[in-house]
Amino acid sequence: MVKVVLLCNRATVSLQGDRLMERSDPTKVAILGGGRGGRALLDLLHQIPSIEIVGIADSDPAAPGLQRARELKVPVTTNVPDLISDHGVGLLLDVTGDPEMEAYLHAHKLPTAEILSGSASRLLWKLIQHESKLEAELLHSEKLAGIGSFAAGIAHDINNPLQLILGLAENLTVERDLAAVHEQARDIIEAVKQTSAICRDLTRYSRRASPHGNVMVSVNGKLDEALKIARYASSFHDIEMIKHYQSGAAVTGNPDELLHVLVNLITNAVHAMERRGGTLTLETTLLDGQVGVRISDTGCGIAPDNIPEIFEPFFTTKAPGKGTGLGLYNVKTIINKMHGTIAVDSQIDKGTTVTLTFPNAEPVGQGWPS
Amino acid sequence: MNEFKSGFFVGGEACEGRVLVVDDEPDIRKVVKMTLEKSGYEVIEAENGEKAIDVINSGENRLLLDVVICDIRMPKINGAEAVAYFRSNYPRVPLVVLTGFPDPDMATSFLRQGVVDYLVKPVQGETLRSAVARAVEQRELARL
């Protein structure tokens, strides 16, 4: 049994007033090092509107980061001096792992450029401090990347009612029984409502999290909303659902961000049970002024070696291109922001339980506006 | 419409063939049944791959079933597993895949396994009827 508890022991890194830098132009960034770290940074940063990648350099023209850059139409070079002498560059990200590189950069960079050296995950951390909007952008880009995996679920959920609508409408062109005509027309109306609900849920989910937003949120309501979204991302067939909701469980936070956290955790739980099915348990509790949210699966579990790393940015056990490695990183960032904690309890082949704890938004026993 | 098939009518009763529709959505089963019954097919239903296997293994179905129309994304035994089961245990029963999610790789794999057609929802009645008619023809030939 491996148990890790991550407490909210540091304040959120971004959006702190004194670091807020309002920029109208994007920050121009050069990436040095085209290995896995360089590639991960490139994949992430190229999606972010407030950052412009002016180029990526590696001595190996076949480095994975350079290959990816060619696909993304980002300039590549094997010549570091060329890249760092580019005039607009404001930030040099050095993920070469070469101890001499940092010294070289300091000696040769333009005076206006800043340097960050280290591993990709460390650089991301520093970047967030550097670029105030980045955290929100990270969250949004990870969410959009996830929506790609909804395609099968959305197609299934839209094409089924469409099949009903088409079949009934075709039949109506020849149907003579008036009662049947009425019934089928009503079925068509229901099917259209069902289809438009899918679009409504998804557009709500895919929008950018509203920036202002610490309000009281019903955790039970958000869990149900998250379940609906998570059904698109993964097949819930062969999964038994158990819900134990404590009424009155409410927390303070941004509702869109909390939804994102819950969708993420439910999707992970369902993915863990993908091949053989299992039980998904959603539980909320109210205890000693604390709101608890527990999401448990009976799936494959997390390898003990991986547990300390699961909240690290870019850590993923999914195949390249399947996961951004930012899901749980963003989850933890949001939970920290809400002054909460996240605990992971996992056993290989038995399952995983993720427990979130938040300060209660309201005195116990009172309701909240739905 | 069944005007082209009038030769198959027996004693005024339509008898175009027995079709098993496998789909977890009752609405889909209902509408496929409605479409095919109007053309004279007898339609039986199963809500997932497991039930479909039960149906084909029960009683006269192993002899009388002419076509299986099968969804892919289903609980219990999914469509891909059901198709594999039917192909290996009942190779003479033609299959038509009717899915909500077009996937070229899957389509190729099914057609290689000898599936008569791979249809993507929503499919028009005419397309469905023509696929089923081809499947029934194949079944008739296999019986000769």
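Helices (H or I, at least four residues) and strands (E, at least two) are DSSP runs, numbered from the N terminus. What you see is a predicted model, in which local features need pLDDT of at least 70, side-chain atom pairs count only at pLDDT 80 or more, and totals for chains, interfaces and linings use all residues. Residues are numbered from 1 along each chain as its sequence is written, while chains are lettered from A and ligands numbered from 1 in the order in which they are written.

**Stop 1: the sheet of chain B**

Start by selecting B:Val96, which has B:Asp117 of strand 5 of chain B standing opposite. Now widen the selection to strand 4 (residues 95-99) of chain B and strand 5 of chain B: four bridges pair them in the parallel sense. Which order do the strands of this sheet follow? Across the open sheet of five strands in chain B, with its parallel pairing, the order is 2-1-3-4-5. At the edges you'll find strand 2 (41-46) and strand 5 (117-120) of chain B, each pairing on one side only. On average, neighbouring strands of this sheet are turned by 25° against each other, direction ignored. (Axes are lines fitted to C-alpha atoms, for helices over the stretch in contact, and angles run from 0 to 180 degrees between N-to-C directions.)

Touching has a cut-off here: two residues are in contact if their C-beta atoms, placed from the backbone, lie within 7 Å. Next, bring in helix 6 (residues 125-143) of chain B, lying across strand 1, strand 2, strand 3, strand 4 and strand 5 of chain B and running at about 140° to strand 3 of chain B.

Now click on B:Pro122, in the loop between strand 5 and helix 6 of chain B. Most residues other than glycine have a negative phi, and most peptide bonds are trans. The bond joining B:Lys121 and B:Pro122 is cis, with omega about -5°.

**Stop 2: two helices of chain B**

Select helix 2 (residues 49-56) and helix 4 (residues 79-89) of chain B; their axes come within 9 Å and cross at roughly 25°. That makes helix 2 of chain B roughly parallel to helix 4 of chain B. (Angles under 35 degrees count as roughly parallel, over 145 as roughly antiparallel, 65 to 115 as roughly perpendicular and the rest as oblique.) To see the contact, show B:Gly49, B:Ala52 and B:Ile53 from helix 2 of chain B, and B:Gly79, B:Glu81, B:Ala82 and B:Tyr85 from helix 4 of chain B.

**Stop 3: where the chains meet**

Show both chains: 17 residues from chain B and 16 residues from chain A take part in the contact. Which element gives the most to the side of chain B that touches chain A? It's helix 1 of chain B, with five residues.

**Stop 4: chain A**

Colour chain A by its domain assignment: domain 1 (25-132), domain 2 (146-206) and domain 3 (215-359). Such bounds come from an automatic or database domain assignment. Taken over C-alpha atoms, the centres of domain 1 and domain 2 of chain A are 48 Å apart.

Chain A also has an open sheet of five strands with parallel pairing, in the order 4-3-2-5-6. Its edge strands are strand 4 (76-77) and strand 6 (114-117) of chain A. Inspect strand 2 (residues 27-32) and strand 5 (residues 91-94) of chain A, paired in the parallel sense over four bridges. There, A:Ala30 stands opposite A:Leu92 in strand 5 of chain A.

**Stop 5: around helix 11 of chain A**

Select helix 10 (residues 255-272) and helix 11 (residues 327-337) of chain A, packed at about 140° with axes 10 Å apart. They are therefore oblique to each other. Helix 6 (residues 134-147) of chain A also packs with helix 11 of chain A, at about 135° with axes 10 Å apart. Residues to show from helix 6 of chain A are A:Glu135, A:Leu138, A:Leu139 and A:Glu142, which meet A:Gly327, A:Asn330 and A:Thr333 in helix 11 of chain A.

The phi of A:Asp238 is near 65°, a positive value in a residue other than glycine.

Technical notes: Two strands pair if DSSP finds at least two bridges between them.
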